[in-house]
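Please read the following briefing alongside the sequence and the coordinates.

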Amino acid sequence: MSDVPLLKVEAVSLAFGGVKALTDISFSVNSGEVFSIIGPNGAGKTSMLNCISGRYSPNQGRILFSGQEVTHLKPNARAELGIGRTFQNLALFGHMSVLDNIMVGRHHMLNNNFFTGPLYWFSPAKREELAHRRAVEEIIDFLEISHIRKAIAGTLSYGLRKRVELARAIALKPDLILLDEPMAGMNLEEKEDMARYIMDLNAEFGMTVTMIEHDMGVVMDISDRVMVLDFGKKVVEGSPEAVMANEHVQKAYLGEEDPELEGTGEVA
Ligand SMILES: Nc1ncnc2c1ncn2[C@@H]1O[C@H](COP(=O)(O)OP(=O)(O)OP(=O)(O)O)[C@@H](O)[C@H]1O
C-alpha cells in the first residue's frame with residue numbers, strides 16, 4: 001500500500017470549447033503530504049482540483065485514488081471513497097448554526113433515517129446520531145470553535161466562516177482533503193491559525209492535503225511539495241526550495257505579477 005500514491009493524476013487534459021484549461025498534467029500525492037498547486041490567475045488550478053473531486057471530467061488522462069481509477073466517478077462517489085474538499089468561495093448555510101453546518105457534512109454517512117417514526121428515541125438511529133455528534137465535537141475541539149458552536153454561521157467573521165467550512169469538510173473524515181484557497185481574504189493571525197490546522201490535519205486525523213493557495217509565504221512554509229501551473233501546463237514540481245529556485249517561477253512571481261501575491265480569492 002505504501003508504494004501506491006494516495007492520488008495519481010496521469011496525463012490529464014481538459015478543455016472548455018477552445019480554451020485549454022489543462023494540458024497533459026501528471027503528478028502524484030503521497031499519503032501524509034501537504035501538496036500545493038500554485039500559479040497565476042487562470043493557470044488551471046481550480047480546474048485541476050475539480051477534476052480530482054469529480055466536478056469536472058477530464059477529456060483525456062486518468063485519475064487514481066489509492067490505486068483505484070476514479071476518473072469518471074461522480075463527486076458523491078469520490079467523497080464516499082475518501083476525497084473531501086472546500087471551495088474557493090464560502091459555501092456554508094448562513095442561516096444555520098455552526099454545529100448544524102458541520103452535521104450536514106456527515107449527513108450522508110448516516111445509515112438510518114432520522115424520521116423513522118415513534119421508535120426513533122429508542123432506535124439505532126438515535127445511537128448513530130449520538131456517535132456522529134461525538135465525532136463532530138471532536139472536530140469542533142480540534143479547530144477551536146467550541147465558543148461559536150451555537151452561533152449562526154452567517155453572522156461570523158470571514159476567517160471563522162472559513163474555519164467552519166474546513167470543519168464541515170473534515171467531518172467526513174476524508175483521506176484526501178482538497179482545499180481551494182483556504183486562506184483567501186484572511187488577516188495574518190487567521191492565516192497563521194489556518195496554517196497550523198492544515199499541518200495538524202495529518203498528525204491528528206491522518207489526512208493528506210492538496211491545496212491551492214496564493215500566499216507564497218504560507219505555501220513555502222507548510223508544503224512538502226509544490227506544483228506550478230501556468231496556462232494549463234505544468235511548469236515545475238518539487239520541494240518548496242526547488243520551486244522557488246526555478247527561473248520561470250521567479251519571473252512569474254517576482255516579475256510582472258502582483259508582488260504581494262496575496263490572492264483575495266474573492267472571485268465572482
Ligand atoms: N466552467 C468553465 N467554463 C469555461 N471556461 C472555464 C471554466 N472553468 C475554467 N475555465 C477556464 O479555464 C482556464 C483555467 O481556469 P481555472 O479557474 O482553473 O484557473 P485558476 O488557476 O484556478 O485561476 P484563479 O487563480 O483565478 O482561480 C481559464 O481560462 C478559465 O477561464
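Helix H1, residues 45-53, is mostly covered, with 8 of its 9 residues buried, where buried stands for 20 or more other C-beta atoms within 10 Å of the residue's own, exposed for 12 or fewer, and partly exposed for values in between, with C-beta atoms placed from the backbone. This is a predicted model, in which local features need pLDDT of at least 70, side-chain atom pairs count only at pLDDT 80 or more, and totals for chains, interfaces and linings use all residues. Residues are numbered from 1 along each chain as its sequence is written.

**Helix H1 and the ligand shell**

- The buried residues of H1 are Lys-45, Ser-47, Met-48, Leu-49, Asn-50, Cys-51, Ile-52 and Ser-53, and the helix is followed by Gly-54, whose phi is positive, near 100 degrees.
- H1 also gives the largest share of the shell around the ligand, 3 residues, and both H1 and strand E2 (19-29) supply at least two residues each.
- Of the 12 residues around the ligand, Phe-16, Ala-21, Lys-45, Thr-46 and Ser-47 come nearest, a residue being near when its C-beta atom, placed from the backbone, lies within 6 Å.
- By class, this shell has 5 nonpolar, 6 polar and 1 charged residues, with Ala, Val, Leu, Ile, Met, Phe, Trp, Tyr, Cys and Pro counted as nonpolar, Asp, Glu, Lys and Arg as charged, and the others, Gly among them, as polar.

**Packing of H5 and H6**

- Helix H5 (residues 158-170) packs on helix H6 (residues 188-205) at an angle of about 15 degrees, with their axes 11 Å apart.
- That angle makes H5 roughly parallel to H6, because angles under 35 degrees count as roughly parallel, over 145 as roughly antiparallel, 65 to 115 as roughly perpendicular and the rest as oblique.
- Gly-159, Lys-162, Leu-166 and Ile-170 in H5 meet Glu-190, Met-194, Tyr-197, Leu-201 and Phe-205 in H6, contact being taken as C-beta atoms, placed from the backbone, within 7 Å.
- The residues of this contact divide into 6 nonpolar, 1 polar and 2 charged.

**Positive phi outside glycine**

- Ala-11, found in strand E1 (residues 7-16), is a residue other than glycine with a positive phi, near 45 degrees, and Ala-11 is exposed, with 12 other C-beta atoms within 10 Å.
- Glu-181, in the loop between strand E7 (176-180) and H6, likewise has a positive phi, near 55 degrees, but Glu-181 is buried, with 25 other C-beta atoms within 10 Å.

Note on methods: Axes are lines fitted to C-alpha atoms, for helices over the stretch in contact, and angles run from 0 to 180 degrees between N-to-C directions. Helices (H or I, at least four residues) and strands (E, at least two) are DSSP runs, numbered from the N terminus. Two residues are in contact if their C-beta atoms, placed from the backbone, lie within 7 Å.
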